[in-house]
Structure formats: C-alpha cells, structure tokens
Amino acid sequence: MTDFHDSEGHRAGQDFDGLKALVTGGASGIGRAAAGLLAARGARVAVLDLDPSSVDEPLTGHRADVTDDASVRAAVAAAVADLGGLDILVNNAGIGARGTVEDNDDAEWHRVLDVNLLGVVRTTRAALPHLRESAHAAVVNTCSVAAAAGLPQRALYSASKGAVLALTLAMAADHVGEGIRVNCVNPGTVDTPWVGRLLDAAPDPAAERAALEARQPTGRLVTAAEAAGAIAYLASPLSGSTTGTVLAVDGGMQGLRPRPA
Ligand code: NAD
C-alpha cells in the first residue's frame, strides 16, 4: 500500500513527527489519552503528574505538583532535556469541586484555584522560554463546558475554568507575535477515572450516570479519546492558523439551543 502524504508532505497519521510535547496530568483520563494519541501520531511525549508511575515507554514520566513552582520548574527542565526541546504544552492537570458559592470556604477556593488556574500559569511560565525556540509552538489548555455554561453546584469549579478560558485568550494575544498559538478545549462530562470516582460517591451511581448522560444532547458521555482528539487538533500544525479559540467537546451541551427533545 502506498503511504498517503498531505499537501505539506506529512505521512498520514504521523503529523507530529519530530515534535516534542509535554502533557500535565497525563497519567490519567483525558491527559493520558492525549499523551498516547500525540505519541501514536509521531510526537516525543513527556508527562508531568503527581503520580507518573503508570506512564509507560516510549513516554517519560516526571513527578511534579503544579501547585509547587519549584517542582514544576524542575520537571519542565527535566522533560525538555529528555525530549530535546519543546513544541507543545498541554495544560491538563486539574481537580473538581462541588457546591454553590456558599458551600466552599476560602481555603477550598484557594486550593482549587491553585491547581486549576495557577497550575496553568506555573507550567506555562516554565515552558515559554523553550516554546519560543520552536517553529510549531502550541499551548492547549483543558478547560470545561463549566467555563461557558451555567452548571448547578459547580460555582468554584466553573470560576476556576472560566479563569483558564480568559487566560487562554489573553495568552494567545500576548504570544501570537512570538509564533506561539494558545487555544483551549471545553469538554462536557468525559468518561474518565475522575467521573468514575464521582459516580462511586453518588447515592445511586446508575441514576447519576444516566443524569450526566441526559445532560448532553448526544445522550452519552464524551470519551477520553474524543477529548484527546480535540487537544491533538489544536496542538497539530494542521491548526497552524488557529489561536485564541475554544473548541467544545461536549456532546452539543453548549451549542444546541434550544436543546432538541
Ligand atoms: P483525572 O482525575 O482522570 O486525571 C487528572 C490527572 O491530573 C491525574 O493523573 C492527577 O494525578 C493529575 N493531577 C491532579 N492534580 C495535580 C497536581 N496538583 N499536579 C500535577 N498533576 C495533578 O481527570 P480527567 O477527568 O482526565 O480531567 C483532566 C482535566 O480535564 C482536568 O483539568 C479537568 O478539569 C478537565 N475536565 C474533565 C472533565 C470530565 O468530565 N472528566 C470535563 C471537563 C474538563
């Protein structure tokens, strides 16, 4: 069979050949799927995670906590040394929070913002000097449908992701002149270990799952592979003219109004 090449000479399925990527929170769920997909499509991939012990060859794992600036700097430096440079940063590490604005105290607000918002800031700050050296620099932030649609019982989480969405647009403006693209994905509910934990904690996991599925017009949860596909598109040279955008991967939650019956 003849290999298919696109108009720029990339071999089919290997559009990340020669590119180096770092994925935070890449040991589980969406980040794991994204790291695997980039590697399958030809990238060299490093993962930064609280617990990278499950990261397998050819990916490399780097232990760091995105709330700790020194550990982020050390892990980014080690990953860049391993990879031989950096073209793609996927800021994906994040944690959830439930409740209305009355339900979480200041300490909880600081804890979640420290991971979901400042974690993105710290990793990006450490990565930018390396991204400036790349001819295909791209940052992709994992945001959430919660940033753009009013979801009940998600005040703190939504605020943290809304801040990441605004930060994405601001960073896109700040770094477009340096050839660095910045975009984000807004997943709906994605079938990951995180959602598994949420369901396990519910009084009736089956009913909770059905409610989450019904919230998305497609009637099912998003798969981690689908969220990873959107991340890969925004990281790929194929989206080279796309910066400062939000790509929804939410089963139509945001876009379909009024919702089809
Ligand atoms: P997950 O819990 O399966 O994976 C998250 C990963 O991030 C884990 O490997 C964890 O160790 C790592 N991590 C957490 N805190 C960290 C820290 N302080 N430092 C370094 N690593 C840390 O979760 P997931 O569902 O894959 O979610 C990934 C991202 O997607 C998060 O930013 C989340 O907000 C976002 N998201 C998830 C969903 C969903 O329904 N699953 C929907 C929208 C957005």
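Me: Which residues touch the most other members of the largest nonpolar core?

Reply: In soluble globular proteins, nonpolar side chains tend to be buried together. A nonpolar core is a set of buried Ala, Val, Leu, Ile, Met, Phe, Trp, Tyr and Cys residues joined through C-beta atoms within 7 Å. A residue is buried if 20 or more other C-beta atoms, placed from the backbone, lie within 10 Å of its own, exposed if 12 or fewer, and partly exposed in between. Here the largest core has 69 residues, and A34, A227 and I231 touch the most other members. Helix α8 gives the most to this core, with eight residues. The model is predicted: local features need pLDDT of at least 70, side-chain atom pairs count only at pLDDT 80 or more, and totals for chains, interfaces and linings use all residues. Residues are numbered from 1 along each chain as its sequence is written.

Me: Which residues of α8 are buried, and what covers them?

Reply: Helices (H or I, at least four residues) and strands (E, at least two) are DSSP runs, numbered from the N terminus. In α8, the buried residues are A224, A227, A228, A230, I231, A232, L234 and A235. Their cover includes β1 (20-24), α1, β4 (88-91), β5 (138-142), β6 (181-187) and β7 (246-249).

Me: With which residues is A227 in contact, leaving aside its neighbours within four places in sequence?

Reply: Two residues are in contact if their C-beta atoms, placed from the backbone, lie within 7 Å. For A227, the partners are I30, A33, V185, P187, V190, V222 and V249.

Me: Why does A43 count as buried?

Reply: A43 counts as buried because it has 26 C-beta neighbours inside 10 Å. This residue is found in the loop between α1 and β2 (44-49). Leaving aside neighbours within four places in sequence, A43 is in contact with F16, L19, K20, A21, L38 and I88.

Me: Which residues come nearest to the ligand?

Reply: A residue is near a molecule if its C-beta atom, placed from the backbone, lies within 6 Å of it. There are 29 residues around the ligand, of which G25, S28, G29, G94 and T192 come nearest. Helices α1 (29-40) and α6 (193-201) each supply at least two residues of this shell.

Me: How many helices and strands does the protein chain have, and what percentage of its residues count as buried?

Reply: The chain has eight helices and seven strands. Of its 261 residues, 43% count as buried.
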